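Biologist: I would like to learn how to read the packing of helices and strands in a model such as this one. Could you take me through it feature by feature?

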Amino acid sequence: MLITTGDHESPAVVLRARELAQLARVPYVPRGRTSLARLAERHGDSDILVVLEQGARLHRTGRETMTFHPSMAFVRAKRLFKGESDAMLDAAGVVPGDVIIDGTAGLGADAMIFSIAAGAEGKVLALEDSLPLWALLYEGLKHYESGLPAFDEALRRIEPVHTNHLDALRAMPDKSADIVYFDPMFRDPITESSSISPLRAFANPNQLDPEAVKEACRVARKAVVLKEKRGSSEFDRLGFQAINRSHTKIAYGVISLDPKR
C-alpha cells in the first residue's frame, strides 16, 4: 500500500499523510499532480490511500474507490440522539461506561453506534486486520466531520487497532471487556448492499473461527454478539442464540455471560 494526498494538498494534509505512512509502515509518495494510475504503475502497488482534508479514500486498480463515510451509521446515530432504540445495542445490552471490542471493524459503522451508547466514560476498540481498511478507518475517525458535534466526538473516542481479532483476544486478560462484537463478511452476501460491495475487495473473507468465539467468551463480562444474515447457519455453528427481527434481513446472535441478563 502507498499513501499520498489529493491534487491540492495543504501542508497539514501532507503532514498527516506522512505520519500515517510512518504509523502503517508503508511508503509515503508525494502526489505532485500525478495520476493514481501512474503512481500505482511507477511504484508497483495497486493499493493507494489518499489522505484528504476531512478523511481519506482508498483506491485499488480495477476496483471501486472507497471513501470513508458513516453511511447508515449517521442515520442510526441521529435516531439514538432522539431517544430511539437500536437493535444492535438492544441485543448487546450496552450501557454508558461499557468497554466494547468490535472484532471486525471494517469502516467502523457499528463501532460508531457503540461509541455513542458507551459514552465518554466507556471505551470502544475497533480491530481491523486489513491494513488498507485500517488506514482508511484511522484517518476517517480522526478527521471526518459530519456537522453533528456529538457524533464527531463519538468517532474521535474510538480506538482503531490494526490487528487480527483472534491474536488480540488471546492477549487480553479474562473479563477485561463488557462486550465483544463480530460482524464478519456474510457467507451469503446481501448483494443489494452498495456500501458493503466495495468493502469485500479489502476485508478478510474468512468465516469466524470458533476459537475466536471461545476467546471472546473468556474476555467478555456481559455478552458476545454476532451480526449475520437472517436465517444464517453461522448462529448454530458458533453457539449463538439468534434474535430475529421481523421485516429485516439482518439478525443478531448473542451468547449471554451475565446471569443477570
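**Strands and helices in a predicted model**

Modeller: Ile 101 stands opposite Val 180 in E8. This is a predicted model, in which local features need pLDDT of at least 70 and side-chain atom pairs count only at pLDDT 80 or more, while totals for chains, interfaces and linings use all residues. Residues are numbered from 1 along each chain as its sequence is written, and side-chain values use heavy atoms, with hydrogens and water left out.

Biologist: Which strands does E8 pair with, and how many bridges join them?

Modeller: Strands (E, at least two residues) and helices (H or I, at least four) are DSSP runs numbered from the N terminus, and two strands pair if DSSP finds at least two bridges between them. Strand E5 (residues 99–102) runs parallel to strand E8 (residues 177–182) and is joined to it by three bridges, with Tyr 181 of E8 as the bridge partner of Asp 102. E8 also pairs with E9 in the parallel sense, over five bridges, and there Ile 179 stands opposite Ala 223.

Biologist: Is E8 enclosed or open?

Modeller: Six of the six residues of E8 are buried (under 20% relative accessible area, with a 1.4 Å probe and protein chains only), so E8 is largely enclosed by the rest of the structure.

Biologist: In what order do the strands of the sheet lie, and which stand at the edges?

Modeller: The open sheet has seven strands in the order E7-E6-E5-E8-E9-E11-E10, with mixed pairing. E7 (159–162) and E10 (241–244) are at the edges with a single partner strand each, so one side of each is left without a neighbour in the sheet.

Biologist: How should I read a pair of packed helices?

Modeller: Two packed helices are described by the angle between their axes and the distance between the axes. Here helix H3 (residues 72–81) packs against helix H5 (residues 109–118) at an angle of about 15 degrees, with the axes 9 Å apart; axes are lines fitted to C-alpha atoms over the stretch in contact, and angles run from 0 to 180 degrees between N-to-C directions. H3 and H5 are therefore roughly parallel (an angle under 35 degrees). The contact (heavy atoms within 4.5 Å) involves residues including Ala 73, Arg 76 and Leu 80 of H3 and Asp 110, Met 112 and Ile 116 of H5.

Biologist: How many residues of H5 are buried?

Modeller: Nine of its 10 residues are buried, so that H5 is mostly covered, and just after H5 Gly 119 takes a positive phi of about 75 degrees.

Notes
Parallel < 35°, antiparallel > 145°, perpendicular 65-115°, else oblique. Buried < 20%, exposed > 50% of the residue type's maximum accessible area, 1.4 Å probe, protein only.
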